[in-house]
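Dear colleague,

Please find below the structure that I am handing over to you, with the sequence alongside. My notes on what was found follow after it.

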Amino acid sequence: DELIGDLHGAEWDMVMLSETWRSQLKEYWITEQDHIFAGVGHDSGRRGVGILLHKRWRKHVLGFTPISERLCYIDVKIHGVKYRLVSVYFPDSTYPDSEVQKVYDLLSEVIKDARKNKIRLIVAGDFNARVGQGDDAAEHPSSGGHGYGEQNSRGQWMLTWSATHDMKIANTFFRKQNHKLITHVGTQGQTSQLDYILVDNWTRAKLQDVESGSWIDLGSDHT
(Lines give C-alpha, C1' and ligand atoms only; values in the text may rest on other atoms or scores of the structure.)
Protein backbone atom coordinates (compact mmCIF):
# COMPACT_ATOMS: atom_id res chain seq x y z
CA ASP A 1 0.00 0.00 0.00
CA GLU A 2 2.84 2.38 0.84
CA LEU A 3 4.54 1.74 -2.50
CA ILE A 4 1.31 2.22 -4.45
CA GLY A 5 0.70 5.42 -2.51
CA ASP A 6 4.11 6.76 -3.58
CA LEU A 7 3.31 5.85 -7.18
CA HIS A 8 0.03 7.78 -7.13
CA GLY A 9 0.06 10.43 -9.82
CA ALA A 10 3.11 8.96 -11.54
CA GLU A 11 3.23 7.35 -14.98
CA TRP A 12 4.39 3.77 -14.51
CA ASP A 13 3.94 0.30 -15.97
CA MET A 14 6.01 -2.00 -13.79
CA VAL A 15 8.17 -1.89 -10.66
CA MET A 16 10.84 -4.50 -9.98
CA LEU A 17 11.58 -4.97 -6.28
CA SER A 18 14.69 -6.33 -4.57
CA GLU A 19 15.13 -7.33 -0.94
CA THR A 20 11.42 -7.36 -0.19
CA TRP A 21 11.93 -9.12 3.16
CA ARG A 22 8.72 -11.07 2.71
CA SER A 23 8.33 -14.59 4.11
CA GLN A 24 5.82 -16.00 1.60
CA LEU A 25 7.62 -18.42 -0.69
CA LYS A 26 5.39 -17.56 -3.67
CA GLU A 27 2.89 -14.73 -4.10
CA TYR A 28 0.60 -13.70 -6.91
CA TRP A 29 -2.33 -11.51 -6.04
CA ILE A 30 -4.34 -8.46 -7.07
CA THR A 31 -4.04 -5.28 -5.03
CA GLU A 32 -7.01 -3.16 -3.97
CA GLN A 33 -6.22 -0.91 -6.94
CA ASP A 34 -6.35 -3.92 -9.33
CA HIS A 35 -2.59 -4.01 -9.95
CA ILE A 36 -0.70 -7.32 -9.89
CA PHE A 37 1.90 -8.15 -7.26
CA ALA A 38 4.01 -11.26 -7.84
CA GLY A 39 7.03 -12.31 -5.87
CA VAL A 40 9.16 -14.84 -4.05
CA GLY A 41 10.16 -14.58 -0.41
CA HIS A 42 12.12 -16.64 2.07
CA ASP A 43 10.99 -18.26 5.28
CA SER A 44 13.64 -16.27 7.16
CA GLY A 45 11.94 -13.05 6.09
CA ARG A 46 15.18 -11.95 4.42
CA ARG A 47 16.07 -11.38 0.76
CA GLY A 48 13.08 -11.68 -1.60
CA VAL A 49 12.17 -10.28 -5.03
CA GLY A 50 8.93 -9.03 -6.51
CA ILE A 51 7.22 -7.33 -9.43
CA LEU A 52 4.36 -4.84 -9.31
CA LEU A 53 2.58 -4.67 -12.67
CA HIS A 54 0.09 -1.94 -13.53
CA LYS A 55 -3.54 -2.99 -13.91
CA ARG A 56 -3.58 -1.86 -17.55
CA TRP A 57 -1.48 -4.94 -18.37
CA ARG A 58 -3.31 -7.36 -16.09
CA LYS A 59 -5.10 -9.16 -18.93
CA HIS A 60 -1.90 -9.34 -20.96
CA VAL A 61 0.11 -11.45 -18.51
CA LEU A 62 1.35 -14.67 -20.09
CA GLY A 63 2.72 -16.21 -16.91
CA PHE A 64 4.67 -15.78 -13.69
CA THR A 65 7.72 -17.88 -12.85
CA PRO A 66 9.12 -17.86 -9.30
CA ILE A 67 12.67 -19.24 -9.29
CA SER A 68 14.15 -18.35 -5.91
CA GLU A 69 14.16 -15.61 -3.30
CA ARG A 70 16.68 -13.90 -5.59
CA LEU A 71 15.02 -14.28 -8.98
CA CYS A 72 11.55 -14.25 -10.55
CA TYR A 73 9.93 -13.05 -13.74
CA ILE A 74 6.66 -12.20 -15.45
CA ASP A 75 6.04 -12.65 -19.17
CA VAL A 76 3.65 -10.04 -20.53
CA LYS A 77 2.53 -8.82 -23.95
CA ILE A 78 2.67 -5.04 -24.32
CA HIS A 79 1.57 -3.40 -27.56
CA GLY A 80 1.97 -6.69 -29.38
CA VAL A 81 5.50 -7.35 -28.07
CA LYS A 82 6.31 -10.13 -25.60
CA TYR A 83 8.51 -8.97 -22.72
CA ARG A 84 10.11 -10.89 -19.90
CA LEU A 85 10.27 -8.68 -16.80
CA VAL A 86 12.94 -10.09 -14.51
CA SER A 87 13.48 -9.03 -10.91
CA VAL A 88 16.83 -10.04 -9.41
CA TYR A 89 18.67 -9.53 -6.13
CA PHE A 90 22.35 -10.47 -6.06
CA PRO A 91 24.30 -11.41 -2.92
CA ASP A 92 26.25 -8.58 -1.33
CA SER A 93 29.99 -8.50 -0.61
CA THR A 94 29.64 -10.63 2.54
CA TYR A 95 28.75 -13.64 0.38
CA PRO A 96 31.37 -15.70 -1.47
CA ASP A 97 31.68 -15.55 -5.25
CA SER A 98 30.14 -19.01 -5.51
CA GLU A 99 26.79 -17.59 -4.34
CA VAL A 100 26.98 -14.82 -6.94
CA GLN A 101 27.75 -17.39 -9.63
CA LYS A 102 24.61 -19.34 -8.71
CA VAL A 103 22.44 -16.30 -9.44
CA TYR A 104 24.25 -15.60 -12.71
CA ASP A 105 23.74 -19.22 -13.76
CA LEU A 106 20.01 -19.02 -13.08
CA LEU A 107 19.73 -15.68 -14.83
CA SER A 108 21.59 -17.04 -17.85
CA GLU A 109 19.00 -19.80 -18.21
CA VAL A 110 16.15 -17.28 -17.97
CA ILE A 111 17.71 -15.19 -20.74
CA LYS A 112 18.45 -18.22 -22.91
CA ASP A 113 14.84 -19.38 -22.62
CA ALA A 114 13.48 -15.91 -23.45
CA ARG A 115 15.54 -15.68 -26.61
CA LYS A 116 14.55 -19.18 -27.65
CA ASN A 117 10.92 -18.06 -27.42
CA LYS A 118 11.55 -14.65 -29.00
CA ILE A 119 10.72 -12.68 -25.87
CA ARG A 120 12.29 -9.26 -25.21
CA LEU A 121 14.20 -8.78 -21.99
CA ILE A 122 14.13 -6.25 -19.16
CA VAL A 123 16.17 -7.29 -16.12
CA ALA A 124 16.23 -5.00 -13.10
CA GLY A 125 17.40 -5.18 -9.52
CA ASP A 126 20.14 -4.82 -6.96
CA PHE A 127 23.26 -6.34 -8.52
CA ASN A 128 25.51 -5.35 -5.59
CA ALA A 129 28.18 -4.46 -8.15
CA ARG A 130 29.90 -1.24 -9.20
CA VAL A 131 30.48 -1.02 -12.95
CA GLY A 132 31.92 2.48 -12.56
CA GLN A 133 32.65 5.09 -15.17
CA GLY A 134 35.41 6.04 -17.59
CA ASP A 135 37.51 3.99 -19.98
CA ASP A 136 37.48 0.78 -17.93
CA ALA A 137 33.70 0.63 -18.20
CA ALA A 138 33.23 2.27 -21.59
CA GLU A 139 35.40 -0.30 -23.37
CA HIS A 140 32.83 -2.99 -22.64
CA PRO A 141 30.09 -3.37 -25.27
CA SER A 142 27.53 -3.77 -22.48
CA SER A 143 28.24 -0.31 -21.03
CA GLY A 144 27.67 3.22 -22.25
CA GLY A 145 30.47 4.48 -20.03
CA HIS A 146 28.29 6.84 -17.98
CA GLY A 147 28.17 4.92 -14.72
CA TYR A 148 29.07 6.27 -11.31
CA GLY A 149 32.12 5.91 -9.10
CA GLU A 150 34.95 3.40 -9.18
CA GLN A 151 34.61 -0.05 -10.61
CA ASN A 152 35.02 -3.09 -8.36
CA SER A 153 35.65 -6.75 -9.14
CA ARG A 154 31.97 -7.66 -9.16
CA GLY A 155 31.30 -4.72 -11.43
CA GLN A 156 33.91 -6.07 -13.82
CA TRP A 157 32.22 -9.47 -13.53
CA MET A 158 28.83 -7.93 -14.32
CA LEU A 159 30.19 -6.11 -17.37
CA THR A 160 31.77 -9.28 -18.74
CA TRP A 161 28.66 -11.37 -18.08
CA SER A 162 26.39 -8.75 -19.69
CA ALA A 163 28.58 -8.57 -22.79
CA THR A 164 28.67 -12.35 -23.05
CA HIS A 165 24.86 -12.40 -23.04
CA ASP A 166 24.55 -9.40 -25.36
CA MET A 167 22.77 -7.31 -22.73
CA LYS A 168 23.11 -3.55 -22.24
CA ILE A 169 23.34 -1.86 -18.84
CA ALA A 170 20.77 0.83 -19.55
CA ASN A 171 21.63 3.27 -16.76
CA THR A 172 25.16 3.72 -18.13
CA PHE A 173 24.05 4.98 -21.54
CA PHE A 174 22.83 8.43 -20.52
CA ARG A 175 25.05 11.23 -19.24
CA LYS A 176 23.59 12.37 -15.92
CA GLN A 177 24.42 14.42 -12.87
CA ASN A 178 25.70 12.22 -10.06
CA HIS A 179 22.53 12.37 -7.98
CA LYS A 180 20.65 10.81 -10.91
CA LEU A 181 23.14 7.92 -11.10
CA ILE A 182 23.48 7.09 -7.40
CA THR A 183 21.22 4.25 -6.23
CA HIS A 184 22.60 3.57 -2.73
CA VAL A 185 23.66 5.65 0.27
CA GLY A 186 25.57 3.83 3.02
CA THR A 187 25.36 4.36 6.76
CA GLN A 188 28.34 6.75 6.67
CA GLY A 189 26.93 8.68 3.72
CA GLN A 190 29.03 6.89 1.10
CA THR A 191 27.33 6.81 -2.28
CA SER A 192 27.38 4.18 -5.02
CA GLN A 193 25.53 2.76 -8.00
CA LEU A 194 24.47 -0.82 -7.24
CA ASP A 195 21.08 -1.12 -8.95
CA TYR A 196 20.79 -1.54 -12.70
CA ILE A 197 18.42 -2.15 -15.59
CA LEU A 198 19.67 -4.56 -18.25
CA VAL A 199 17.97 -4.81 -21.62
CA ASP A 200 18.50 -6.53 -24.95
CA ASN A 201 19.66 -4.58 -28.00
CA TRP A 202 16.18 -4.16 -29.45
CA THR A 203 14.85 -2.69 -26.19
CA ARG A 204 17.95 -0.50 -25.75
CA ALA A 205 17.23 1.13 -29.12
CA LYS A 206 13.79 2.13 -27.83
CA LEU A 207 15.02 3.75 -24.61
CA GLN A 208 14.88 7.51 -24.38
CA ASP A 209 16.10 8.06 -20.82
CA VAL A 210 17.12 6.25 -17.62
CA GLU A 211 17.89 7.85 -14.25
CA SER A 212 17.56 7.18 -10.55
CA GLY A 213 15.40 9.16 -8.15
CA SER A 214 14.28 9.31 -4.53
CA TRP A 215 10.60 10.10 -5.02
CA ILE A 216 9.66 6.62 -3.77
CA ASP A 217 10.56 6.39 -0.08
CA LEU A 218 10.05 3.00 1.59
CA GLY A 219 12.74 3.51 4.22
CA SER A 220 15.38 1.77 2.11
CA ASP A 221 19.01 2.86 1.66
CA HIS A 222 18.47 2.35 -2.08
CA THR A 223 16.84 4.83 -4.45
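**Findings**

Gly63 is partly exposed, with a relative accessible area of 25%; here buried means under 20% relative accessible area, exposed over 50%, and partly exposed in between (1.4 Å probe, protein chains only). This is a predicted model, in which local features need pLDDT of at least 70 and side-chain atom pairs count only at pLDDT 80 or more, while totals for chains, interfaces and linings use all residues. Residues are numbered from 1 along each chain as its sequence is written, and side-chain values use heavy atoms, with hydrogens and water left out.

Gly63 belongs to strand E5 (residues 61-68). Helices (H or I, at least four residues) and strands (E, at least two) are DSSP runs, numbered from the N terminus. Not counting residues up to four places away in sequence, Gly63 touches Tyr73, Ile74 and Asp75, where contact means heavy atoms within 4.5 Å. From Gly63 to Phe173 there are 110 residues in sequence and 30 Å in space, C-alpha to C-alpha.

**Sheet and hairpin**

Six strands form an open sheet in the order E5-E6-E7-E8-E12-E9, with mixed pairing; two strands pair if DSSP finds at least two bridges between them. Its edge strands are E5 and strand E9 (168-169), each of which pairs on one side only. Within the sheet, E8 and E12 run antiparallel and are joined by five bridges. Gly125 has Tyr196 in E12 as its bridge partner.

Strand E2 (residues 27-30) and strand E3 (residues 36-40) are also antiparallel, with four bridges between them. Ile30 stands opposite Ile36 in E3. The hairpin of E2 and E3 has five residues between the strands, and Asp34 takes a positive phi near 75° there.

Two further residues have positive phi values. Glu19, although not a glycine, has a positive phi of about 55°. Glu19 is found in the loop between strand E1 (14-18) and E2, and is partly exposed at a relative accessible area of 29%. Lys118, also a residue other than glycine, has a positive phi near 55°. Lys118 lies in the loop between H2 and E8 and counts as exposed, at 73% relative accessibility.

**Nonpolar cores**

A nonpolar core is a set of buried Ala, Val, Leu, Ile, Met, Phe, Trp, Tyr and Cys residues joined through side-chain atoms within 4.5 Å. The largest such core has 26 residues, of which Phe90, Leu107, Val123, Phe127, Met158 and Leu198 touch the most other members. Two or more residues each come from strand E6 (71-78), strand E7 (81-89), H2, strand E8 (120-126), H4 and strand E12 (195-199). H2 gives the largest share of this core, seven residues. Leaving out residues up to four places away in sequence, Leu107 touches Leu71, Val86, Phe90, Val123 and Trp161. A second, separate core has 23 residues, including Met16, Val40, Ile51 and Ile78.

Leu106 is located in helix H2 and is partly exposed, at 37% relative accessibility. Neighbours within four places in sequence aside, Leu106 is in contact with Ile67, Ser68 and Leu71.

**Cavity and pocket**

On a 1 Å grid over the protein atoms alone, a cavity is a set of points where a 1.4 Å probe fits but cannot get out, and a pocket is an open set with protein on both sides within 12 Å along at least five of seven lines; lining residues have an atom within 4 Å of a point. Grid points are joined across faces, edges and corners, and a volume is the space filled by probe spheres set on the points.

The whole structure contains one cavity of 30 Å³ or more. The largest cavity has a volume of about 40 Å³, and its lining consists of Phe90, Pro91, Val100, Tyr104, Phe127, Asn128, Ala129, Arg154 and Trp157. Helix H2 (97-116) and helix H4 (153-164) each supply at least two residues of that lining.

The second largest pocket holds about 410 Å³ of space. Its lining has 20 residues, of which Tyr89, Asp92, Ser93, Asp126 and Asn128 lie nearest its centre.

Yours sincerely
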